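This report describes the model shown below. It starts with overall figures and then turns to the sheets, a loop residue and a surface patch.

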Amino acid sequence: MSNPREETLVNKRSSPRRKSALESLFRPLAALLKTLRAKLRGRRPSSSIRNKNIPGANERPLGELVSSPASKRSPTAGEWAIRFPRVRSLLRLAALLAGTTLSLLLLGLSVLLLTLRLQSLPATSAAQVSQIYDASGNLLDSFHAGQSRESVPLQRISPYLIDATLAIEDRRFYEHNGFDLRSMARAALVNLESGRARQGASTITQQLARNLYLTHERTWKRKIKEAAYTAQLEMNLSKEEILGQYFNQIYYGHGAYGIEKAAKMYYSKHASELTLAESAMLAGVPKGPKYYSPYMNMENAVHRQRLILAAMQEAGTITPEQAAAAKAEKLELKTLQPAGSDGGAPYFRDYVRQTAVDELGLDEHLISEGGVRIYTTLDPAMQQAAEAAMQDALPSSSEQQAALVAIEPETGYIRAMVGGRDYRKGPFNRALARRQPGSSFKPVLYLTALQSGMTAVTPFTSAPTIFTYDGGRKTYSPRNYRDHYAGGDITMRDAIASSDNTYAVNTIMRIGANKVVATARQLGLDGDMQPLPSLALGTYPASPLEMASAFSALAAGGVRAEPTAILRVEDSKGEVLYRSEPRLSRVADAAHAYVLTSLMESVFENGGTGSRVSAMIHRPVAGKTGTTADDAWLVGYTPDLATAVWTGYDKGRQLTTAESHRAAPIFAAFTEHALTGRPARPFTVPDGIVSVAVDPASGLRYGPGCSGWRMELFVAGTEPIGSCDGSKAGTADAADTAPAEGASSASPAANESKGSGWLKGLSRWLRH
């Protein structure tokens, strides 16, 4: 009886070699090539192929070999060697090279890892002070003047915080060796699909290596070093040691480094005492302190807290009931005493930092610790004038807040910024917060009207009016302040001076709300605006920075310069990382902007809403007040400076009558003191402006039979042709100057007191 094992061995030796996929691919291709080569030589291919190694094969037609089922059999080793000896040699050589290369790579990797294991970790990189300078080159403040840190062992950190951090930052921390390849692949796929870097994959070990030993510059050299230090940390430290160092190094915003300092700053407790809700909130801050700090943006902070709680629940470290309880817990935040609150212009400093990160793309840690030098546009004298004007206008006993932004029209340089009365009571920057601008938005409306063909003398009736819109399905009934109406027709100049709401809504109904929205966008107002009649009265929010920028375009003759706070950024070696370039765009015709400026000068004339502070300003000035139940504004400009002032309460409190009048004195005091030493100069008159004597009652040209006159400005081609008494009607050569003496029953002096515009403004300026 035969041995089964021996039969198996015999069968294995005598059986044909196992078919190769590569051989099956080459066999028909080789036959086809032989056929083509024969045809190219001008003869028919051999009708048969001999194969002595295959019994019974002897001779078979070529077509049968290629197409018949039998031809699909892979050749044996002997056949392969006979037909393709060179290919087989090349494959053997390639296999040898691949094996050698792999061996060398493994050897090199082993040597590298051994070297890293034996090599000592470098000394921790010392944080360097980053400094900010004003426009005169004087040191304004420092972004980082020593780290506020208290180290604690891992055992004295709340387990909730550890679990929360691992859930959101590095869920596979205990499974990988410093590099999470799975997360890297997932992040690469997400970024590839979105076309931009939306997701990162840095592990906690990588973050620690970066914080301990490196700067935050975005270069390949830094990334290679980070990888090497990450490997060293994993080989030299335990997971618990890495995690402990991480929690004592990470930045939690507002100058706090390490969890112990952060716990005390946010909640007045030790890191070991943090609750689940507090831990989930704090664990979200390091991702972006400016975005996720509850002091900076509570809505974002709560959203990220809930994201972390969901991640913890998914990871199985908390139950759904615990997550729900944490979401419902009301957190008691300690009053923030931010680092740097004693420095100059703290609100502006924060804005510069935000701009450097968001717009210039600089790393936030580079700003905090990289020793960069940032040169800004801030004028120290103007900043001091802004802070003084605010302090003088707001009683110390009042809780009313205020904000001010001043911009140089020609360059867009931010020369002063105040975001509140006391930075030490909170870093919330009201200069960037959007509030309803009220009637201070109306110049945007009237610029659109002028560009749509209306003029300074276009009449509308000032009386209670019910407007219908949306195809007659809806109505809107604006009211004037204290229900005061002229009771008859008024002009655009009158409407701007007295802030008549009925005239404003008549205007937007005539020209179309969509046009007003488009003009607002061009002027840099980016808030949510709907094309509704109420838009004319400034019912959609805007920030003081946006309003100052919009009005600066009017001061510059219709050319808007993008607001600029940073002129230059240098690294610790003095190399320039960023240099600002002017970003100018024409948003309005110069002639229309000048006519609107003339109309807005009326606000500071007798009867205007800003007349109470006109005596404080000794230079040509244009502007517009705005008042709602909660907000009071004055936004205006001279040829040298555009300024927006807002006053009000942060939330839940309306202004009294006295409080609503405090924006104008702040504007006037600041404007006059900020421009001390600069000569007063009038607004530049562009081409295309004509001055016409008109009858105030009718808006037509003055004639001998008219009751009165005043000089009015028009964009060439829009001036009235006919006169109020019918004289010279239909001609374009009507009188363009003041009427002759005795032509009117009223004297020129009396008429001047009733009139307004550039003539009176120039007269007042000369008197001062």
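## Overall figures

The model is predicted. The protein has 768 residues, 48% of which count as buried. Its secondary structure consists of 27 helices and 20 strands.

Among contacts with a separation of 6 or more, 67% are between residues 24 or more positions apart.

## The antiparallel sheet

Five strands build an open sheet in the order S7-S6-S18-S17-S16, and the pairing is antiparallel. Strand S7 (414-418) and strand S16 (622-627) are at the edges; each has a single partner strand, so one side of each is left without a neighbour in the sheet. On average, neighbouring strands of this sheet are turned by 5° against each other, direction ignored.

Helix H18 (residues 380-393) lies across S6 and S7 and runs at about 30° to S7. At the other end of the strand order, S16 and S17 are joined by 6 bridges in the antiparallel sense. In this pairing, glycine 626 is opposite tryptophan 633 of S17.

## Strand S18

Two strands pair with S18. Strand S6 (residues 401-407) runs antiparallel to S18 and is joined to it by 7 bridges; here alanine 402 stands opposite threonine 647. Strand S17 (residues 631-637) also pairs with S18 in the antiparallel sense, over 7 bridges, and glycine 636 is opposite threonine 643. S17 and S18 form a hairpin, with 4 residues between the two strands.

## The mixed sheet

Another open sheet of 5 strands has the order S2-S1-S5-S13-S14, with mixed pairing. Its edge strands are strand S2 (139-142) and strand S14 (576-579), each of which pairs on one side only. Neighbouring strands of this sheet are turned by 20° against each other on average, again with direction ignored.

Strand S13 (residues 566-570) and S14 run antiparallel and are joined by 3 bridges. Within this pair, glutamate 570 has valine 576 of S14 as its bridge partner.

## Threonine 564

Threonine 564 is located in the loop between strand S12 (559-561) and S13. Is this residue buried or exposed? Threonine 564 counts as buried because its relative accessibility is 10%, and the cut-off for buried is under 20%.

Leaving aside residues up to four places away in sequence, threonine 564 touches Thr377, Thr411, Gly412, Tyr413, Ile414, Ser580 and Arg583. One of these, Ile414, belongs to the range of edge strand S7 (414-418).

## A nonpolar surface patch

Which residues make the nonpolar surface patch of about 420 Å²? The patch is made by Leu90, Leu93, Leu96 and Leu97.

Leucine 96 is part of helix H5 (residues 85-118). The relative accessible area of leucine 96 is 56%, so this residue is exposed; the cut-off for exposed is over 50%.

Definitions and conventions:
Residues numbered from 1 in each chain as written. Predicted model: local features only at pLDDT ≥ 70, side-chain atom pairs only at ≥ 80, totals over all residues. Heavy atoms only, no water. Pairing = 2+ DSSP bridges. Axes fitted to C-alpha atoms, helices over the stretch in contact; angles between N-to-C directions. Buried < 20%, exposed > 50% of the residue type's maximum accessible area, 1.4 Å probe, protein only. Contact = heavy atoms within 4.5 Å. Patch = residues over 30% accessible without salt bridge, like charges linked within 9 Å, V, L, I, M, F, W, Y side chains within 5 Å. Areas by Shrake-Rupley, 256 points an atom, 1.4 Å probe, with all protein chains shown as cover. Salt bridge = Lys/Arg side-chain N within 4 Å of Asp/Glu carboxyl O.
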